[in-house]
Amino acid sequence: MTPDIFNREFQSIAGQLRSYLLRITASVHDAEDMVHDTYLRAVDKLGTFRGESSLKTWLFTIASNLAKDNLRAQKRWVENVTDIAKAAAHSNPAFFEEAMQIASTSPQAQFEVKEHIAFCFTCISKSLPLEQQLCVFLKEVYEFKVSEITTILDTTEAMVKYYLHTGRSKMIQVFDGRCALINKEGVCHQCSELNGVFNPKQNTQQELVKIDLVKEAETGNKERLFDLRLQILKELDPFDSKAAHLQLHHLEHNRQVMEKYIIETPV
Amino acid sequence: MSKTLIAGSCKATTQRSLFSRTTSVSIDIDADPSVIWALLTNTSDYPRWNTTVVSIDGKIALGEKINLRSTLDPKRTYKLKIKEWEPNKKLVWGDAMGQRVFTLSNGQPGNVTFTMTEKIGGPLFPLFAKMIPPFNASFEQFATSLKQEAETIMSAR
């Protein structure tokens with residue numbers, strides 16, 4: 001592959017790489033650094049690329065290795081991350097001041113419940129063991145086949161299936177217990193609450209029922225509801241969406257809160 | 001993924017003597033041994049797939065200690081030590097009263113025999129033997145849950 005062709009191909013995949021790395025790390029800074037490092041490593045090793053896998057698989061392999069190196073030593077987040085981050089936000093007036101400032105000045109700060117659903121998925125996914133989190137995103141959002149994920153993560157097909165199944169099952173369990181969009185007893189109403197804050201003139205209930213995940217909630221089909229949640233992620237680029245600036249600001253807040261929390265909280 | 005236990009898919013047996021009691025169950029599982037091993041050694045995930053376990057805290061690795069609560073006696077926490085740990089083949093945990101041995105034999109994908117045996121006993125065993133509930137039903141449930149979960153995982157595309 002010539003450098004020109006590679007550069008063109010890389011540009012077409014870079015957006016997916018960037019969103020994947022953001023969702024894995026929850027850090028804009030780390031994700032952008034890793035996209036850059038993925039490019040440099042790929043250029044350096046371009047002579048070894050024999051086309052045995054697609055270029056996309058090869059680049060995701062490099063990016064996943066960088067992410068694993070970066071995250072391996074870090075503790076995982078907790079399932080109730082949104083509760084902890086919410087409490088921290090309420091005790092930090094600067095957070096809402098910054099958010100309102102972004103909301104009033106940025107063209108990418110039109111709060112949407114759907115975007116918050118995707119944001120919430122990213123946060124909760126960080127409570128999974130790393131391999132489970134990587135597999136769930138690679139298969140369910142970036143649509144790699146199991147056989148391609150074995151290459152990306154350098155593991156067996158059986159273990160990819162194990163990570164996928166356990167990761168999916170765990171997240172379904174967490175959302176089923178917490179998310180008020182699908183469970184009337186759910187403890188987390190954060191997307192509705194924030195919609196009230198950022199879109200005070202909207203009728204939040206009317207907005208919610210436009211979302212397939214909410215429309216189908218009463219079916220109680222947990223697998224289907226999880227797939228609908230994933231569909232929202234597939235359709236959104238967290239760097240280039242209507243509420244990107246608002247959600248990235250919120251994500252950075254949650255990351256800082258979680259990093260402090262997991263250091264201060266004994267296992 | 002619904003869970004329907006397959007009744008009669010395995011049968012536990014118990015042998016008794018004056019100073020000990022041994023319960024054992026075996027089941028064939030159509031799965032890669034690494035998947036069965038991962039299920040057996042991931043403590044936090046047990047309650048999701050295994051209906052006999054209330055909780056297990058701790059890490060399953062050689063020399064480590066775990067706290068197990070079982071549906072047989074949910075109020076009691078068993079403090080157990082991992083005594084043997086041979087990936088994809090054998091796991092042993094126990095305390096002073098007894099030990100549970102898990103083995104995976106044949107070891108070929110799609111052709112694994114899972115066996116779980118627990119022996120409890122000692123000089124004082126006759127004094128408390130009647131207070132220990134029978135294990136057979138729980139062992140059958142454990143083995144069937146494991147088979148179902150491992151085979152569900154392997155059937156994914």
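How many residues does the hairpin use to join β1(B) to β2(B)? The points below answer this and go on to the contact between the chains.

1. Basis. This is a predicted model, where local features need pLDDT of at least 70, side-chain atom pairs count only at pLDDT 80 or more, and totals for chains, interfaces and linings use all residues. Residues are numbered from 1 along each chain as its sequence is written, while chains are lettered from A and ligands numbered from 1 in the order in which they are written.

2. Hairpin in chain B. The hairpin joins β1(B) to β2(B) through 3 residues. Strands β1 (residues 13-16) and β2 (residues 20-29) of chain B run antiparallel and share 4 bridges. R16(B) has R21(B) in β2(B) as its bridge partner. Strands here are DSSP E runs of at least two residues, helices are H or I runs of at least four, both numbered from the N terminus. Pairing takes at least two DSSP bridges between two strands.

3. S20(B) is bridged to G121(B) in β8(B).

4. Contact between chains. Chain A supplies 11 residues and chain B supplies 12 residues (contact: C-beta atoms, placed from the backbone, within 7 Å). Helix α9 (residues 157-178) of chain A gives the most to the chain A side, with 9 residues.

5. Q205(A). This residue sits in helix α11 (residues 204-208) of chain A. Q205(A) is exposed because 10 other C-beta atoms lie within 10 Å (exposed: 12 or fewer; buried: 20 or more; partly exposed in between; C-beta atoms placed from the backbone). Its C-alpha atom is 8.2 Å from that of S192(A), 13 residues apart along the chain.

Note on methods. Two residues are in contact if their C-beta atoms, placed from the backbone, lie within 7 Å.
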